[in-house]
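Open the model in your viewer and keep the selection tool at hand. The stops below run from the whole chain down to single residues.

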Amino acid sequence: MARTGSNNIQAKLVLLGDMGTGKTSLVLRFVKGQFLEFQESTIGAAFFTQVLSLNEATIKFDIWDTAGQERYHSLAPMYYRGAAAAVVVYDITSMDSFERAKKWVTELQRQGNPNLIMFLVGNKVDLQQKRKVGIEEGEQYAKENGMVFLETSAKTAQNVNELFYEIAKRLAKKAPSRPIGMKLHRRPQETRRRMFCCS
């Protein structure tokens, strides 16, 4: 996480969780306001950016949405390393996905950054009638592990914006008040680099 200007913060945010918990749907609902009934599985990871303006700061999120399939698990540290915030997602209709979420939390605690802001999110609250994981279970686990807990629905948009605003507020509080190290100024039109090479 870095302050790029007096009130601008750039922060890496990573989403982790089992396949089918709705990580991509949450990000798409937040970034594009969209919900797709049939979302293809993420391969490796997908990258999104989104800017949120708060009273105290403007947060630019670099969002890494990781694949939930087991075969991509070994790639995850590449995405959560250096993250300022992590959202561990489970599906409230699947106890397996909740157990898997706990493994992600343990992994983040073991290898992640000690200042990492962690959220535990129970997604798919629009499927109340199929609920297998109680609110109390999620709340209790989050509390024991120093996490913020929320239940969301990417389908109905319930609590989705609230989730990202809450993360942004916590990042704004934690960000160092002045830039550390060198400050580089680059004009917007110079962001595209041309590559020249030998013939």
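The tour starts with the overall fold, then visits cores, helix pairs and individual residues.

**Before you select**

This is a predicted model, where local features need pLDDT of at least 70, side-chain atom pairs count only at pLDDT 80 or more, and totals for chains, interfaces and linings use all residues. Residues are numbered from 1 along each chain as its sequence is written, and side-chain values use heavy atoms, with hydrogens and water left out.

**Stop 1: the whole chain**

Colour by secondary structure. The protein chain has five helices and seven strands. Helices (H or I, at least four residues) and strands (E, at least two) are DSSP runs, numbered from the N terminus. Along the sequence, the pattern reads β-β-α-β-β-α-β-α-β-α-β-α.

The accessible surface is about 11600 Å², and carbon and sulfur atoms hold 49% of that. Areas come from the Shrake-Rupley method with a 1.4 Å probe; for residues, only the protein chains shown count as cover. Of the 199 residues in the protein chain, 46% are buried. Buried means under 20% relative accessible area, exposed means over 50%, and partly exposed lies in between (1.4 Å probe, protein chains only).

Now consider contacts, meaning heavy atoms within 4.5 Å. Among contacts between residues at least 6 apart in sequence, 72% join residues at least 24 apart.

**Stop 2: the largest nonpolar core**

Select Leu13, Phe61, Ile63, Val87, Phe164, Ile167 and Leu171. Of the 33 residues in the largest nonpolar core, these seven touch the most other members. Such a core is a set of buried Ala, Val, Leu, Ile, Met, Phe, Trp, Tyr and Cys residues joined through side-chain atoms within 4.5 Å.

Which elements give two or more residues to this core? They are β2 (8–17), α1 (23–32), β3 (45–53), β4 (58–66), β5 (85–91), β6 (117–123), β7 (148–151) and α5 (160–174). Helix α5 gives the most, with seven residues. In soluble globular proteins, nonpolar side chains tend to be buried together.

Zoom in on Val87. Setting aside neighbours within four places in sequence, Val87 contacts Leu13, Val14, Leu15, Leu16, Phe119, Val121, Leu163 and Ile167.

Another core, of 24 residues, lies apart from the largest one; Phe98, Leu108, Val133 and Met147 are among its members.

**Stop 3: α3 and α4**

Select residues 95–111 for α3 and 135–144 for α4. The two axes come within 12 Å and cross at roughly 5°. That crossing makes α3 roughly parallel to α4. Axes are lines fitted to C-alpha atoms, for helices over the stretch in contact, and angles run from 0 to 180 degrees between N-to-C directions. Under 35 degrees counts as roughly parallel, over 145 as roughly antiparallel, 65 to 115 as roughly perpendicular and the rest as oblique.

Show side chains. From α3 come Met95, Phe98, Lys102, Val105 and Thr106; from α4 come Glu137, Gly138 and Tyr141. These contact residues split into four nonpolar, two polar and two charged. In that count, Ala, Val, Leu, Ile, Met, Phe, Trp, Tyr, Cys and Pro are nonpolar, Asp, Glu, Lys and Arg are charged, and the others, Gly among them, are polar.

**Stop 4: α1 and α5**

Move to the next pair. The axes of α1 and α5 come within 9 Å and cross at roughly 80°. The pair is therefore roughly perpendicular. Leu26, Arg29 and Phe30 of α1 meet Val160, Asn161 and Phe164 of α5. This contact has four nonpolar residues, one polar and one charged.

Centre on Phe30, in helix α1. Is Phe30 buried or exposed? Phe30 is buried, with a relative accessible area of 7%. Beyond neighbours within four places in sequence, Phe30 contacts Gln50, Leu52, Phe61, Ile63, Val160, Asn161 and Phe164. Draw a C-alpha to C-alpha distance from Phe30 to Glu162: 9.7 Å in space, 132 residues apart in sequence.

**Stop 5: two positive phi values**

Go to the loop between β7 and α5, which holds Ala157 and Asn159. Phi is near 75° at Ala157 and near 65° at Asn159. Most residues other than glycine have a negative phi. Ala157 is partly exposed at 30% relative accessible area; Asn159 is partly exposed too, at 22%.

**Stop 6: Thr58**

Finish in strand β4, at Thr58. Its relative accessibility is 26%, so Thr58 counts as partly exposed. Leaving aside neighbours within four places in sequence, Thr58 contacts Asn7, Asn8, Ile9, Val51, Leu52 and Ser53. Lys169 is 111 residues from Thr58 in sequence, yet the C-alpha to C-alpha distance is 9.8 Å.
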